[in-house]
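Okay, thanks for coming, everyone.

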Amino acid sequence: ALRKAGPLPQIKWVPSPHHSSRGGRAPIALVLHTMGGFLAGCDAWFQNPQSQVSAHYGIGLGGECHQYVQLGEAAWANGILEPGNTWPGPVGVNPNALSVSIETEDNRSNLTPVSDAQYAATLAISRLILAQHPTITMLVSHRVISPSSRAHCCGERWIDSGRFATLAAALGLKALA
């Protein structure tokens, strides 16, 4: 029952050219991010040929959902493993090939609270993802992968507020913050 998709918010397709094959690998983790901005800016950045970055989904504070990359492809949100990382994936495999990424709007402040609408949409999208990828067993903060450059992602707004742990529990996933 935890992994049933349930009612979904409307999803707007905003395709990003920045994605690649998973190389036959099944995802093992959902990686949660905070945008450092607004949904519209995220849309533009992920479509910019120079950015070389993307996520699977972006979720606004009002619960709006945008999808940038198909779930069968690897988005480029997680970067490269940095020294001190606690990423649980196999050595030598880029985390992008083993994860599904969700960016969350924060109005350019890591202290902007996760709204109830944003939490509900993130939960619904996560359930959709888990229904398609039952190999996912973990909810991971981006700082687990990039502890130096992304030390505050997904940060205070998700982790310190308890929303990260609540989301992991609701999805039946192990939380790695």
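This is a predicted model: local features need pLDDT of at least 70, side-chain atom pairs count only at pLDDT 80 or more; totals for chains, interfaces and linings use all residues.

Leaving out neighbours within four places in sequence, P17 is in contact with F46 and Q47. You'll find P17 in the loop between β1 (11-13) and β2 (19-21). Is P17 buried, exposed or partly exposed? Its relative accessible area is 48%, so it counts as partly exposed; the exposed class only starts over 50%. For a sense of distance, take P17 and L130: they're 113 residues apart in sequence, and their C-alpha atoms sit 24 Å apart in space.

Okay, zooming out. How many helices and strands does the protein chain have? There are 4 helices and 9 strands. If you read along the sequence, the order goes β-β-β-α-β-β-β-β-α-β-α-α-β. The radius of gyration is 14 Å, close to the 16 Å that the globule rule gives for 177 residues, so the chain is as compact as a globular protein of that length. If you box up the C-alpha atoms along the principal axes, you get roughly 40 × 35 × 30 Å.

Some whole-chain numbers while we're here. Of the 177 residues, 52% count as buried. Now take the contacts between residues at least 6 apart in sequence: 78% of those join residues at least 24 apart. The accessible surface comes to about 7700 Å², and carbon and sulfur atoms account for 58% of that.

Now the inside. The largest nonpolar core has 27 residues, and the ones with the most contacts within it are L30, L32, I102, I129, L139, W158 and L167. Which elements each supply at least two residues of this core? Those are β3 (29-34), β4 (57-59), β7 (99-104), α2 (116-132) and α4 (163-171). The largest share is from α2, with 7 residues.

Click on L30 if you have the viewer open. Setting aside residues up to four places away in sequence, L30 touches V100, I102, S126, I129, I136, M138, L139, V140, L171 and L173.

Most residues other than glycine have a negative phi, and most peptide bonds are trans. Here are some spots that go the other way.

Start with Q52, which isn't a glycine but has a positive phi, near 55°. It's in the loop between α1 (39-47) and β4. At 47% relative accessibility, Q52 counts as partly exposed.

Then there's R108, also not a glycine, with a positive phi of about 65°. Where is R108? Look in the loop between β7 and α2. R108 is exposed, with a relative accessible area of 64%.

And finally, the peptide bond that joins C153 and C154 is cis, with omega about 10°. C154 lies in the loop between β8 (138-141) and α3 (155-158).

That's my tour. Happy to go back to any of these spots on the screen.

Conventions. Residues are numbered from 1 along each chain as its sequence is written. Side-chain values use heavy atoms; hydrogens and water are left out. The radius of gyration is taken over C-alpha atoms; the globule rule is 2.2 Å times the number of residues to the power 0.38. Buried means under 20% relative accessible area, exposed over 50%, partly exposed in between (1.4 Å probe, protein chains only). Contact means heavy atoms within 4.5 Å. Accessible areas come from the Shrake-Rupley method with a 1.4 Å probe; for residues, only the protein chains shown count as cover. A nonpolar core is a set of buried Ala, Val, Leu, Ile, Met, Phe, Trp, Tyr and Cys residues joined through side-chain atoms within 4.5 Å.
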